Amino acid sequence: MLFRSSLDWESLLRRLCSGGARSFLAEGETRAVQNMLDFTPDLPEWLVPVTVDEPTVPRTREILALWSADQAARTSRPFTAAAQRTAIDLTGRFIGNLHFPRKALDLLRQTRALRQGDEPVTQRDVIARFCEMTRVPASLVDPEIELDIAAIRGFVADRLLGQDEAADAVVRVVALIKSNLADTRRPFGVFLFVGPTGVGKTHTAQLLAEYFFGDRGRLIRINLSDFAGGDGHTLLFGNPAGHSAELRRGALTRRLGNAPFGVLLLDELEKAGRAVHDGLLQLVDEGKFINGNGEVVSVRSLIVIATSNAGAEVYRETGVGFSDTRDTRSLDAELDRRVLAVFRFEFLNRFDRVVHFHPLTRATIRAIAQRELTMLLSREGLAGREVTVEVDADVLDWLVAHGWHPHFGARFLRREMERNLVGPLAMFIVGHRVKDGERLALGVRGGKIDVRRVELPVIAPSAPAPVDEDLQ
């Protein structure tokens with residue numbers, strides 16, 4: 001007789017004690033069974049716990065081969081050896097929150113269910129189903145599709161202006177995943193982004209989510225300043241003494257949810273307490289952590305990015321042993337020294353790479369301003385109504401002059417645009433009852449951005465052609 005963990009254990013105990021049945025077989029998760037045995041001391045007299053560990057990859061291959069042979073005999077729908085290997089490889093690399101052999105078996109079952117006819121399930125069938133299920137680009141996992149490194153570099157560089165080191169880091173982690181050379185005992189990549197505010201640290205994490213999933217919303221973002229207090233560790237990783245499952249599981253487990261593969265962003269690392277850093281050290285080192293509810297949570301299928309503004313004041317200073325024309329390499333070295341004064345060396349040493357973000361130059365701000373203007377003109381309130389907006393050249397000059405600040409980066413520019421350009425444009429559209437299809441112009445008057453309506457020239461009706469009397 002088989003009982004599952006959903007069965008009321010008190011009913012099970014009564015059945016055992018009644019002598020009405022000779023043998024039972026029950027199953028449950030380790031933590032739940034242990035709690036049951038601890039709560040009822042008499043149960044060990046009747047139950048013999050048997051721990052079933054997750055099989056190794058070689059053992060999983062054997063299990064899938066036997067299962068596939070049985071399925072072929074039952075349904076005449078065999079799975080090729082390549083399909084079996086691919087199911088194990090993909091689920092092992094990208095679905096770290098589930099276990100072998102079930103996650104590989106489930107992928108094969110789903111693939112077969114979508115196949116028509118009696119032909120064997122092939123490697124390409126498995127890859128197609130996996131990409132559909134996880135939204136991972138086929139170019140990242142299909143060995144027959146070449147990965148265009150130059151195209152990836154261009155994708156990132158066009159959206160991450162002025163940060164070549166960060167663009168290189170993104171390209172390398174993509175290549176690492178494609179080549180299947182990532183250490184399976186750790187996350188795909190663990191990076192610390194350092195530098196001043198508003199220069200693209202968070203934006204880079206969003207770009208990774210956009211590249212992998214086509215959706216920046218797939219980014220899992222946690223602001224560590226919310227876990228700065230003495231209870232920060234228990235809030236983030238879970239409190240074993242919590243009165244609810246939510247408190248015992250902790251904020252990190254809840255935010256990760258069932259995400260098999262994604263980008264985890266840990267913002268403002270320097271504001272978290274030391275106990276939180278210790279918990280993150282285990283997370284990075286082992287690719288997993290144990291929450292307050294006793295659950296083992298894997299992060300091996302994630303790219304982990306931490307950001308910090310620690311030491312960024314080096315860019316605001318004019319001394320510190322440097323001349324006014326300090327070179328980038330010297331600034332990076334000084335920033336590294338200050339970061340090391342904030343974080344312990346053994347903690348920093350767990351990151352695959354510390355990536356430096358630098359203050360944005362005027363030229364970069366101008367390029368960003370041009371991009372932001374283009375994005376503004378594509379907003380639904382304009383493009384959806386076919387309202388055309390002409391932008392005078394002096395508007396871009398004004399944005400660079402007023403939106404560039406060496407200490408606040410592009411965030412300062414966007415704030416100035418929303419306040420001094422988008423706001424007046426919205427007021428004009430509403431106040432002047434701009435109709436669909438009209439034309440507007442943005443210029444600079446009196447030191448401010450000005451909006452005006454472009455009046456279309458009135459074309460007078462053409463006079464009738466003179467009649468040649470000789471032809472009449």
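A: Here is a walk through some of the ring contacts. This is a predicted model, where local features need pLDDT of at least 70, side-chain atom pairs count only at pLDDT 80 or more, and totals for chains, interfaces and linings use all residues. Residues are numbered from 1 along each chain as its sequence is written, and side-chain values use heavy atoms, with hydrogens and water left out.

The whole structure holds 16 aromatic pairs. Rings of Phe, Tyr and Trp (its six-membered ring) pair if their centres lie within 6.5 Å; planes under 30 degrees apart count as stacked, over 60 as edge-to-face and the rest as tilted.

One of the pairs is Phe94 with Phe130. Helices (H or I, at least four residues) and strands (E, at least two) are DSSP runs, numbered from the N terminus.

Phe94 is buried, at 0% relative accessible area. Buried means under 20%, exposed over 50%, partly exposed in between (1.4 Å probe, protein chains only). Phe130 is also buried, at 0%.

Phe94 pairs with Phe188 too: 5.4 Å between centres and 45 degrees between planes, so this pair is tilted. Phe188 lies in the loop between helix H9 (164-179) and strand S3 (189-194), 94 residues from Phe94. Phe188 counts as buried, at 7%.

Ring pairs join Phe94, Phe130 and Phe188 into a cluster that also includes Phe155, Tyr211, Phe212, Phe213 and Phe261.
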